[in-house]
Amino acid sequence: MPHEPTYLGTVEDVSGSSISVAFAKETAAGLTFINGVAYRIGQVGAFVRIPIGYIDLFGIVTQVGAGAVPEKIAAIEPHGHRWMTVELIGEGERDSQFQRGLSQSPAVGDPVHLVTVSDLSRIYGRPDEPRYVSIGRLASAESIPALINVDKLVTRHCAILGATGAGKSTTVASLLNTLSDSKRYPSARIVVFDLHGEYANALRDRATVYRVNGNPDRGEQPLYVPYWAMTFDELLPLTFGSISNDAALGALSEKILEFKKVALANLTASKKKAQFNVTEAALTVDNPIPFSIRQLWLELCEFVKGTHTVNDGQTRATFAYELDKDGKPLQPGDAEKVIAPKFRPMSQAAGQDKIFQSKAGLSLTINRQLDALASRLRDPRLEFLFRPGPWNPDTNGVPQEDLDTLLKGWLGGKKPIVILDLSGVPVSILNALIGSLLRIIYDALFWSRNLPEGGKERPLLLVLEEAHLYLGKTNEGTAATQAGNAVRRIAKEGRKYGIGAMIVSQRPSEVDDTILSQCGTLFALRMSNESDRGHVTGAVTDNLKGLLSNLGLATKKRTQNLCNSLVSCFCFRSQGANDSRANCGGADGCKTPR
């Protein structure tokens, strides 16, 4: 055994999947050459092989030197330069493919061998299988491609984590270029939430870009998000803001439901039957039925801020408008222009006409919220939300287009990638808007799960850039919680309906633990922050904490990959780092080659 060139030493301690290996005295230190190929002895991240009968066990070196010495003999060998710690990860029969998991454990005294290029080919040599794609080359063997299982990458979720400038955008663009190859994956479907507008140039030839105030000359489509497609809880922070009074919340919910019932009745019978599979009796405030929010605002202004000529029996006919010299209302209000009506001030003075406060205004105290809604309705930056193009309802609640045409553009376009460029969205509503978009997409895939366009037949990958901004650990009821709840739902249940998430973040410690723990694949780039490294270390499987100890020193081309979408875990050099068409990052964003 010792004369074999791959021989390293023997197993001296076994503790679960972790073993301690003592190097043989004749094992050379530093470099060794086997069949003309140079191999480093005892390098962290390298593979080792333990033959047991007809089965080979494989493990990854996680520690070398004094720290790897078993505690009982640490005093005898204080320097411990002849020991290493190995984490077992899988096995394979001779001349057969590698598989994750162990059916048996090694015994003390079993020989340990260096893994050669031919052994690595057994582990990773599946480039011809359609479900595997190459994302680069193994750092320990440049001739071996680093392969990932596309099915598991998409449906079991993944995360790309690294500090600013570590190469996250380059890695994402490289992965998306690979996954959107129309020849290998003609049914690929990817939606990118791009907060900084950095992916359009790199992916323009295979992506449809939706941007607020999009430029048609650059091939951009205008981004519209109909407010009426949101649930009541989603719409509230984007329109009225915070309302702490439960009675006011209930009254407002009933008013919106009333508007939706009227809008449903105004739709033609044929359209109602074809588009809205809901009856008035089953209608709720959360159903995506169009209604005019401007008309809602005007009526609320009338009933909350209005005054009347009578105290009892108040109706629209008793409004006390300010009158001009001809006795006509000076300003009755304009819903489309968001102009509030002018009423005479309340007065109980003797000898004057008595003007009474609206009784509705006494119970529905939302004057400040109405002013906030009016300000947002007038804000030109929010026209994509409150004047959503062909999805903008008229005063009767009837739009030109329904929600199915919007979803068809997002989820059923001709190109495999859709980029929702949110760089033009005001920061104040960004978190709440992302939560609404995720919920709308999830519901669309859920209700179409048994149809050809559903996620079971054609899976969808959601790429969430800067995830720490809206998937953090926040208090219940905040805007960020809406996005977090949507992604937690996708992470827990999305696999059933063919929905996967790719979490991209430079601060993994600020991402909710529940979300990160559901990611089956982790691409870990350089991280300078200790808490971020600790958060990633706590999320990995196979006890590979030692493999992540050098994340603070990783180069931009070197990426740690720890997951179950791979045949195993490995360090690799990203092909995107040298691919000019996937060059993202920096002040100039993503660039295509000239």
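Analyst: The disulfide count comes to 0, and bear in mind that this is a predicted model. The cut-off behind that count is a pair of cysteine sulfur atoms within 2.5 Å. Take Cys519: the nearest cysteine sulfur belongs to Cys158 and sits 6.8 Å away, so with a limit of 2.5 Å Cys519 is in no disulfide. Is Cys519 buried or exposed? Its relative accessible area is 8%, and since anything under 20% counts as buried, Cys519 is buried.

Moving on to a serine, Ser253 is part of helix α6, which spans residues 246–266. Ser253 has a relative accessibility of 16%, so this one is also classed as buried. Leaving aside residues up to four places away in sequence, Ser253 touches Phe232 and Val285.

Now for the helix packing. Helix α12 (residues 403–411) and helix α13 (residues 427–447) have axes that come within 11 Å and cross at roughly 95 degrees. Angles of 65 to 115 degrees count as roughly perpendicular, so that is the word for how α12 sits relative to α13. On the α12 side, the contact is made by Leu407, Trp410 and Leu411. Helix α13 brings Leu437, Ile440, Ile441, Ala444 and Leu445 to it. What kind of residues are these? The contact of α12 with α13 has 8 nonpolar residues, with no polar and no charged ones.

Conventions:
Residues numbered from 1 in each chain as written. Predicted model: local features only at pLDDT ≥ 70, side-chain atom pairs only at ≥ 80, totals over all residues. Heavy atoms only, no water. Buried < 20%, exposed > 50% of the residue type's maximum accessible area, 1.4 Å probe, protein only. Helix = DSSP H or I, 4+ residues; strand = E, 2+ residues; numbered from the N terminus. Contact = heavy atoms within 4.5 Å. Axes fitted to C-alpha atoms, helices over the stretch in contact; angles between N-to-C directions. Parallel < 35°, antiparallel > 145°, perpendicular 65-115°, else oblique. Nonpolar A, V, L, I, M, F, W, Y, C, P; charged D, E, K, R; others polar.
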